[in-house]
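Q: I would like a close look at one part of the structure shown below, followed by an account of its setting in the chain as a whole.

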Amino acid sequence: ISEEILQTSVDAYRKMRNTLRYLLGALHGYDETVEHLPLERMPSLERWVLHRLQELDGVVKAGYAAYDFKKVYSALFNFCVVDLSAFYLDVRKDSLYCDRPDADRRRACRTVMHEVFMRLTAWLAPIMPFTMEEVWLSRFPSEDDSVHLRTFPKTPQDWHNGALAENWRTLRRLRRVVTGALEVERREKRIGSSLEAAPVVHVADADLRALLEEVRFADLCITSGIVLTDAPAPEGAFTLDDVPGVAVVPAMAEGGKCARCWKVLPDVGTHAHEA
């Protein structure tokens, strides 16, 4: 054992703990009887997260049955860090802060976060017993309850959606081109926040453009706007070698900064409540 090994474990633990701490804050006041949104009314992004939970359910149960704790830990660590913290929670934070409490998108987000919380606390309890007890009792205070008195929640089979998962693998690849272009702009001090940008995304493939138009791609990229076009990309446009046929030309968003959502929009200042 070495200091480096210990530090790697500390960093991994901190990342997982921070994910659960975020869920605790975002789920404050959640009432399942009021806010729960059925699967058929959920946006595509939320249904993808439920699909990932359904996939993980099999991995976790098989791993524990075989005493393969490393496999369980690795799958849940990657889910917390890659799927949740670096993607889903980052994309949906603006919805949590800005949408009406009764808006379907916000209700869907909180419903999914509740399902994630219920499973992560149970799945991680054998590996992180003290932390999961702390997390569970922070949300559900009790003198005689314990996370270790629970069984693993049943995960509905109809959450599984292979076609949807493939679409989201594609969308996340395309998103990397936009976020890569914005990172260059940020490094060169041409923008501060990604919400200052409204890039032009050149997509040669008609099917890919149709897929992007089905979702709020600007929200996925955390920008104030996005223009999709089939026009040939100009010289110097940002590209990634492993995502062919997609190029991004950064552009500043036009308008004023909304005090609520921080997006730069052309209609800021024109509403009665802003007077």
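Which residues does proline 250 touch, not counting residues up to four places away in sequence?

A: The model is predicted: local features need pLDDT of at least 70, side-chain atom pairs count only at pLDDT 80 or more, and totals for chains, interfaces and linings use all residues. Residues are numbered from 1 along each chain as its sequence is written, and side-chain values use heavy atoms, with hydrogens and water left out.

Leaving aside residues up to four places away in sequence, proline 250 touches Ala181, Glu185 and Pro199; contact here means heavy atoms within 4.5 Å. Proline 250 sits in the loop that runs between strand 4 (243–249) and strand 5 (256–257). Helices (H or I, at least four residues) and strands (E, at least two) are DSSP runs numbered from the N terminus. With a relative accessibility of 31%, proline 250 counts as partly exposed; the term covers values between buried (under 20% relative accessible area) and exposed (over 50%), with a 1.4 Å probe and protein chains only. Phenylalanine 238 lies twelve residues from proline 250 in sequence, and their C-alpha atoms are 8.3 Å apart in space.

One of the residues that proline 250 touches, Glu185, also takes part in a salt bridge with arginine 190, the closest N and O atoms being 2.9 Å apart. A salt bridge is a side-chain nitrogen of Lys or Arg within 4 Å of a carboxyl oxygen of Asp or Glu.

The structure holds 21 salt bridges. Among them is the one in which the side chains of arginine 92 and glutamate 46 meet, at 2.8 Å from N to O. This pair links distant parts of the chain, with arginine 92 in helix 4 (residues 69–98) and glutamate 46 in helix 3 (residues 44–65), 46 residues apart. Arginine 92 counts as buried at 7% relative accessibility, and glutamate 46 counts as buried at 0%. Another salt bridge joins the side chains of arginine 107 and aspartate 104, at 3.9 Å from N to O. Both residues lie in helix 5, three residues apart, about one turn of the helix. Arginine 107 has 15% relative accessibility and therefore counts as buried, while aspartate 104 is partly exposed, with a relative accessible area of 32%.

Aromatic side chains supply a further set of pairings. A pair of aromatic rings is described by the distance of the centres and the angle of the planes. Ten aromatic pairs are present in the structure; rings of Phe, Tyr and Trp (its six-membered ring) pair if their centres lie within 6.5 Å, and planes under 30 degrees apart count as stacked, over 60 as edge-to-face and the rest as tilted. Phenylalanine 117 and phenylalanine 140 form an edge-to-face pair, 6.4 Å centre to centre with 70 degrees between the planes. The pair links distant parts of the chain: phenylalanine 117 belongs to helix 5 (residues 104–124), and phenylalanine 140, 23 residues apart from it, belongs to the loop between helix 6 (129–139) and helix 7 (162–187). Phenylalanine 117 counts as buried at 0% relative accessibility, but phenylalanine 140 counts as partly exposed at 29%. Separately, Tyr64, Tyr67, Phe69 and Phe152 form one aromatic cluster.

These details belong to a protein whose secondary structure comes to nine helices and six strands. Its radius of gyration is 21 Å, close to the 19 Å that the globule rule gives for 275 residues, so the protein is as compact as a globular protein of that length. The radius of gyration is taken over C-alpha atoms, and the globule rule is 2.2 Å times the number of residues to the power 0.38. Taken along the principal axes, the C-alpha atoms fill a box of roughly 60 × 50 × 40 Å. Of the 275 residues, 44% count as buried. Among contacts between residues at least 6 apart in sequence, 74% join residues at least 24 apart.
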